[in-house]
Amino acid sequence: MHPPAAKGSLPVLESPAHKSLFSKIDWRRIPLLLIAYMIAYLDRINIGYAQLQMKQTLPFDDAVYGLGAGIFFVGYFLFEVPSNLLLERIGARKTLLRIMVLWGLAAAAMMFVSTPFQFYLVRFLLGVFEAGFFPGVILYFTYWYPSARRGQVIATFMSATTIVSVIAGPLCGSILKYLDGAGGLHGWQWLFLVQGLPALVLGILVYALLEDKPERAAWLSKDEKALLEDAFRRDEKDIASEPSGTFGQMLKDPKVYVLSFVYLLLLGATYTMVFWMPSLIQSWGVKDLFLVGVYAAIPNAAGVIGMILIGRHSDKWHERRWHYAACVAIAAFGLFITTMLQGNLVGSILALSFAVIGIASATPLFFALTSEYLSTGAAAGGLALISSLGNLGPAISPSINGLIVRGTGDNIYSMYFVIALYVLSGLLLLLSMRPAPSARLAMA
């Protein structure tokens, strides 16, 4: 038995040998999965930019757009748990290949929609096909990284969302503006085609370059594999974990559903902001589509930096609960300041940048905490269940937000709705989750 490191002291897993091992694993695992998630996220959120032009050429209003944006998550909800259970059975390579090829085809097919029903159908299928990618990668990380290293790893992986959000604005704005009319197609049609097809290529690369588990990695020596096993034996969790059990036993655990509701509130708020940020910036008097994209990139660039630093700090101190609560508080406060600065473009962008630091950092911390809470036997189904139930939030919230905007004619009330979701998410997590006994002793 190895005694746990004292809180604030240098963790055992930070020895030079462990650092070298995990650096090697990082370079072999993270870049390809990071790029894959960038494409996945781009195909999920580019509708926020496309709708600025689609509503001019198709019979769509804000309510139709809100329902279409949200219905993606219904398909995601229905198929996420089966996908992750299948991943545990057949491996990550085959599962990710299937997911990425099918979602790439569905994302590109968005260029053919012409009616609200077609819009709803293709968005639903995109959710069905992409279901399981995110929780599958989080589960995959639990095979390669002990919990003490997952905060920064998950934050780095999830920086894909904020990196894409930086790129998405100028990229989508350029395609909408400069390819509009090329080849007889609207700019929004080119947008879906150009950004959907790369998933097919990446799916093949993932299948060719990843191994399902460390023991199958020929690039790890026998000594390195033994060191990795030692790292898992020395692992110390910050969160009081569920009792070790199966997926069926996990279904009876009330805290799993509390965590799901926390995630539902978080995702509902976050995707409302993601989908409506272009419209919000446009409401501040920015009419050029390219400039809308450029201004949207600024807050997301701040988010990329913030989420990596906060994830690293959370790992260093091995603390998740208060880091998460601080992030959603930052998000809520930044958005409140944004509402106070309506009409001041510079001030609004700065306040929004502060908010996005909290928005971007909260989700990696949530899944680092969740992966620590779930037992090994329940991790595959548990991660997918929490993720799928949480994804009902963005299935509902964009429609609610669309109705708020349509009913009031003012974006400020939708911001209050988002702020409330963030505050409730943080309070509920603090009240429901408790630190592990070793963590409480170390803090005493």
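Analyst: A residue is called buried under 20% relative accessible area, exposed over 50% and partly exposed in between, with a 1.4 Å probe and protein chains only. This is a predicted model, in which local features need pLDDT (the predictor's confidence in each residue, from 0 to 100) of at least 70 and side-chain atom pairs count only at pLDDT 80 or more, while totals for chains, interfaces and linings use all residues. Residues are numbered from 1 along each chain as its sequence is written, and side-chain values use heavy atoms, leaving out hydrogens and water.

User: What makes helix α2 largely enclosed by the rest of the structure?

Analyst: Helix α2 spans residues 47-57, and because eight of its 11 residues are buried, it is largely enclosed. Among these buried residues are Ile47, Tyr49, Leu52 and Met54.

User: Why is the meeting of lysine 177 and aspartate 288 called a salt bridge?

Analyst: A salt bridge needs a side-chain nitrogen of Lys or Arg within 4 Å of a carboxyl oxygen of Asp or Glu, and the side chains of lysine 177 and aspartate 288 meet at 3.0 Å, N to O. Lysine 177 lies in helix α7 and aspartate 288 in the loop between α12 and α13, so the pair ties together parts that are 111 residues apart in sequence. Lysine 177, at 39% relative accessibility, counts as partly exposed, and aspartate 288 is also partly exposed, at 29%.

User: What places glutamate 372 on one side of the burial limit or the other, buried or exposed?

Analyst: Glutamate 372 has a relative accessible area of 0%, so it is buried, and arginine 320, at 0%, is buried as well. The side chains of glutamate 372 and arginine 320 meet in a salt bridge of 2.9 Å, N to O. This pair links helix α15 with the loop between α13 and α14, 52 residues apart.

Note on methods
Helices (H or I, at least four residues) and strands (E, at least two) are DSSP runs, numbered from the N terminus.
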